[in-house]
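Subject: Structure handover

Hi,

Here is the structure for you to look over. My notes follow below it.

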Amino acid sequence: MIAQQLLNALGIGCTYALIALGYNLIFGVLKIVNLAYGDIFMVGAFSGYACSLFTTNLFAVSVAAMFGSACASAIVYFIGIRPIGHVSDIDSHRHLMVLASTIGWSFVLENLAILTCGAYPHSFPHFYFELRSSSVIVNTALRVGIEMTAALVMMCGLLLLLKKTRLGLRLRAISENPELSSCAGIDVWKDQTFAVLISGVLAGAAAVLVCGSTGMVSPFIGTSYGMKGLVVIIIAGLGNVNGVLWISLLLGLVEVASVNLFSSSYRDGFAFAALVLLLACKARPAFKVDER
Amino acid sequence: MYYIQLWILVAVNCLLALASYVTLGAGLMVICFGAFFGVGAVVAAVLHSTYELPLPVAISLSGMLCAICGIAMAVLFTRLRGFEFAIATLGLGELVRIIATNMPDFGGALGFSRVSLDPQPILATAILCFIGVCFWVFERSQARRALALIRSSEIRAITMGIDVRAHRWVAVGIGALLAGIAGGIYIHTVGLVEPESYGFAASVQVLLFAIIGGTKDFKGPLIAATLLTAIPEVLRFSPALRMVLYGTCLVATAVFLPDGISGWWKSRVASWQHAR
């Protein structure tokens with residue numbers, strides 16, 4: 001029983017980590033909170049769902065999901081974020097405007113999905129079905145194993161990309177100081193576009209894994225998972241890729257523990273209470289005070 | 001009757017817009033005005049219906065309770081800045097929503113509706129005018145300049161001898177007071193406050209009034225609140241399409257008026273003066 005619950009916590013934590021990784025990339029490179037990210041994830045899930053109506057090939061479904069969410073991510077970036085211009089100052093009004101525009105995009109994407117697909121859950125193909133054995137705990141372990149591997153592979157891939165490639169070097173430079181990096185000859189707009197596309201691909205991969213394990217997709221998954229991703233990256237800290245996994249696992253543990261000890265209706269409540277407590281106890285501001 | 005209700009809704013949203021304007025003016029993004037709004041509504045309804053206090057007294061008492069809660073929240077999050085502060089308040093707001101959804105005393109998932117309907121357009125207008133005059137005075141006050149300095153650079157504000165903490169606490173307290181008053185007016189007009197109006201979507205809506213309006217002048221948020229209340233009413237012909245169009249309006253405003261309505265107006269006026 002306890003082993004089963006621990007496995008559940010691990011699985012939930014991994015799904016949050018999957019979503020938070022791409023979120024964190026955008027946050028780190030563009031210095032904005034893309035509140036439409038949850039809905040980009042949802043668009044990926046629906047593209048995968050649309051593809052799964054024609055073929056049951058897992059690879060094809062994943063490619064469709066990644067393509068769908070990368071397109072959505074690019075559209076949000078080119079029509080909602082880029083025209084507003086560079087926003088390096090976190091308290092400037094332009095920065096708030098980017099927030100408003102991504103909120104607008106999240107309304108548009110969610111309600112377009114409701115208009116085209118209906119406001120009810122659809123069944124997403126259960127990819128772990130072939131793995132089924134008779135024992136429940138083995139099944140859970142297999143599912144969690146797949147999620148864990150995927151989360152680790154994606155995290156290591158992202159870390160390798162950021163630490164070992166030229167593109168990663170440029171992205172880290174932009175994240176540090178966009179003006180100086182453009183002085184150093186880095187095409188900031190182009191590399192930001194790459195970061196946006198990569199985060200879209202990550203959202204698509206996360207969508208296949210999350211919806212494949214829950215077995216359903218609805219227009220409303222964007223908001224709930226997007227919010228959890230936001231909670232994770234805020235606690236883990238800006239651009240902190242390693243921290244994402246630990247914080248996600250912790251969040252999964254808190255949620256499973258609260259469901260078991262109290263009631264399932266307070267599940268999200270405990271996640272938010274943990275967020276508030278952790279932030280209130282924080283000794284130093286993680287965002288430095290503006291020193292100009 | 002429909003237009004009276006719509007007018008009171010506009011007044012309520014204007015109060016919420018001002019709440020978010022004060023806090024954004026101090027560089028604080030509060031994403032839990034929905035929670036203050038909901039709590040203010042329920043407290044005012046209980047005071048008016050159960051304890052039979054006159055409506056203005058009930059509304060001001062509930063507003064003050066919200067102000068105290070707001071200051072307590074600001075004290076709790078004194079150390080947080082920027083997005084961390086925003087997300088911490090978001091977490092607190094969602095916490096209140098979840099508790100309200102699961103508490104039968106708050107009406108549970110159906111919302112709180114044990115209230116006698118008492119729409120008072122004159123009271124709403126009077127409150128809005130009074131608050132508007134207060135803001136007109138505030139715009140020209142030392143406190144406003146202190147808040148603007150805190151927003152642009154906290155260290156400079158400290159060296160100027162401004163008590164940054166106290167200013168931040170009071171700004172959040174005033175915001176919560178306005179949100180609580182808005183809630184009290186709202187529930188006596190509509191007769192119901194749902195758990196959704198405590199949560200993220202509602203709080204973001206409040207934030208949008210001030211963002212779209214602009215954070216440099218208090219008239220911008222008032223115009224934005226009026227427009228953003230009117231647009232969904234005009235688009236009432238299709239529920240889902242309405243939200244798509246509403247979202248498109250937001251994106252278009254952000255892209256074409258990146259400094260908000262008041263910022264756009266100021267640059268217009270400046271270019272006219274330059275032409276002459």
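The largest nonpolar core has 171 residues. Such a core is a set of buried Ala, Val, Leu, Ile, Met, Phe, Trp, Tyr and Cys residues joined through side-chain atoms within 4.5 Å; buried means under 20% relative accessible area (1.4 Å probe, protein chains only). The most contacts inside this core belong to A:Phe41, B:Leu15, B:Met29, B:Phe135 and B:Ile185. Helix α1 (residues 2–30) of chain A gives the most to it, 14 residues. Helices are DSSP runs (H or I, at least four residues), numbered from the N terminus.

Another core, of nine residues, lies apart; B:Val42, B:Ala100, B:Ile187 and B:Tyr198 are among them.

This is a predicted model: local features need pLDDT of at least 70, side-chain atom pairs count only at pLDDT 80 or more, and totals for chains, interfaces and linings use all residues. Residues are numbered from 1 along each chain as its sequence is written, chains are lettered from A and ligands numbered from 1 in the order written, and side-chain values use heavy atoms, with hydrogens and water left out.

Scores: ipTM 0.81, pTM 0.85. Chain B averages a pLDDT (the predictor's confidence in each residue, from 0 to 100) of 87, and 100% of its residues score at least 70.

B:Ile185 is in contact (heavy atoms within 4.5 Å) with B:Ile8, B:Val12, B:Leu15, B:Ile59, B:Ala124 and B:Ile127, leaving aside neighbours within four places in sequence.

Best wishes

Terms used: Buried means under 20% relative accessible area, exposed over 50%, partly exposed in between (1.4 Å probe, protein chains only). Helices (H or I, at least four residues) and strands (E, at least two) are DSSP runs, numbered from the N terminus.
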